[in-house]
Amino acid sequence: MPRRLKILCLLLASVQLAGCSDPPPGVLAGTERLPVVDIHLHTGRWEMMPPRFQQRLAERLPRGFKWLMGPFANWMLSGGAILSQMDAAGISKAGVFALYSPHTTGLAPNEFVAELVATNPQRLHGFASIRVDQWNLDGPQQLAALEKALTQFDNMIGIKLAHAHQQIRFDDERIYPVYELAGRLGKPVYLHTATSPNPGTRTEPPYTDPYYLEEAIRRYPDTIFILGHAGWDSYRKKLTYVDHCIDLAQRYPNVYLEPGALGARRAAEVLPDFLQRIKAAGIADRVIYGSDGPQFPGYVKRHLEAFAGGMQAAGFTTEEMRLILSGNFLRVFGMPPLEL
Amino acid sequence: MRRQTGILILFLLLLGCAQDAPRLQSLELSGRILVPEGLDGRLEVRLYHAWALEGELRHPLEFIEAFQPPAAEFSHRFDYPLDGGEGLVAYAWLDVDGDGVLCTPTDRRDLAGLVAVEALGGGRLQLDIPLTDACRGPEWFFPRAR
């Protein structure tokens, strides 16, 4: 092998190794490293996404290379790639969501998620979901399928709903039995609030404003409601419903907030304002960290860095950061403290 | 050999850029929104494919477009995307309280209704949309229980 080629290979190998060496787990707050749980990660398959969503993802690639997006997405959303992103970010545990959103982001069936989390049950935990788009025809069967997923699959710790993606109003009482089931089985419900930039997502208040959920929150006090994205209106890039989420968390002990995607670049301008509102409201014991990853390589790490850095800049104490980054999750889901 | 491979790659790349123009059918809708007596307000009609996609992704109510008829008796021309799905669903609601939103958690007066059309016919459709239920989205009405 020519000498120049050998040097180039060595250089590439060292860069590769440097890029692959994972940081110590957790986030540094003062002199202490705090463990991190990311409640909000996605999986799925390219072929289970509707064409419109596939087109949106493929916009990230230049013309002529868009056909690469399918294999790339399947790799990005695989268990191995998810764990790699968690390792690179120093994240100990994560929630992985099932999806039934055929209008918007597609399907990640409960069985698929159960198989994925079974590959590393110490670190990956599943959230089952339910199909609601043909409720008048098959509601009872869908509810039975959800109960089966929650009781028969190992490691399904909660329920994921996304009203705006699933095209159902927050005040539609037909799916209140889902909240009854959640309370009865002790499985918290994660609900996407506000909008999203994904095509086909409903943007009107009845599908996005968590105030429309208040009746359900009041009617099912044994059910934990985790308000996903904490009211971050990512379609309009505004904190449209954040104060409504905070208000609900202050008035109801069964309400929590999750800041998924607020650490993304898209939200960089609003993150300080968001964190100041959380700090001022004194609800650090009601926020459960999540990122909405994996999105693209490096996203999970970048999101955590932005969010943790934002908390430090906003003056959150080490104890408040510990609660948000893992403590609240572990308490709500009944898991023991994490050791780094 | 190298040249042939290069041409093949170029062809595949160009193929990746090709996009078919959407196939559209012009449709003329006319009809009435059946508003209960004594009620008034801004009307909105939302048009959907009854069903879209195939297999596990098959789903009802794929949105096409919305418009605001100035009166309960209306006519409206639009381009129906032939490849976007099947059938037509027309959903209407009446903004009784004038706030631009189909009900709030505390004001529950706005009325909605829906009608499904199975055959598109020759480009002209006559519809009557009865407003029957307060605070309901189209997903409440369609698909109907058997």
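## Burial and overall build of chain A

In this predicted model, 52% of the 340 residues of chain A count as buried. The chain is built from 14 helices and 11 strands. Its radius of gyration is 20 Å, close to the 20 Å that the globule rule gives for 340 residues, so chain A is as compact as a globular protein of that length.

Along the principal axes, the C-alpha atoms of chain A fill a box of roughly 75 × 45 × 40 Å. If we look at contacts in chain A with a separation of 6 or more, 78% of them join residues 24 or more positions apart.

## A closer look at helix α13

Helix α13 of chain A covers residues 299-313, and its 15 residues reach 21 Å from the first C-alpha to the last, close to the 21 Å expected at 1.5 Å a residue. Buried residues of α13(A) include A:Y299, A:V300, A:L304, A:F307 and A:M311, along with A:K301 and A:H303.

## Where chains A and B meet

The contact draws 24 residues from chain A and 22 residues from chain B. On the chain B side, α1 (2-17), β3 (59-67) and α2 (138-141) each give two or more residues. The largest share, four residues, belongs to β3(B). Sorted by class, this side of chain B has 14 nonpolar, five charged and three polar residues.

Key. Residues numbered from 1 in each chain as written. Chains lettered and ligands numbered in written order. Predicted model: local features only at pLDDT ≥ 70, side-chain atom pairs only at ≥ 80, totals over all residues. Rg over C-alpha atoms; globule rule 2.2 N^0.38 Å. Buried ≥ 20, exposed ≤ 12 C-beta atoms within 10 Å, placed from the backbone. Contact = placed C-beta atoms within 7 Å. Nonpolar A, V, L, I, M, F, W, Y, C, P; charged D, E, K, R; others polar. Expected span 1.5 Å × (residues − 1).
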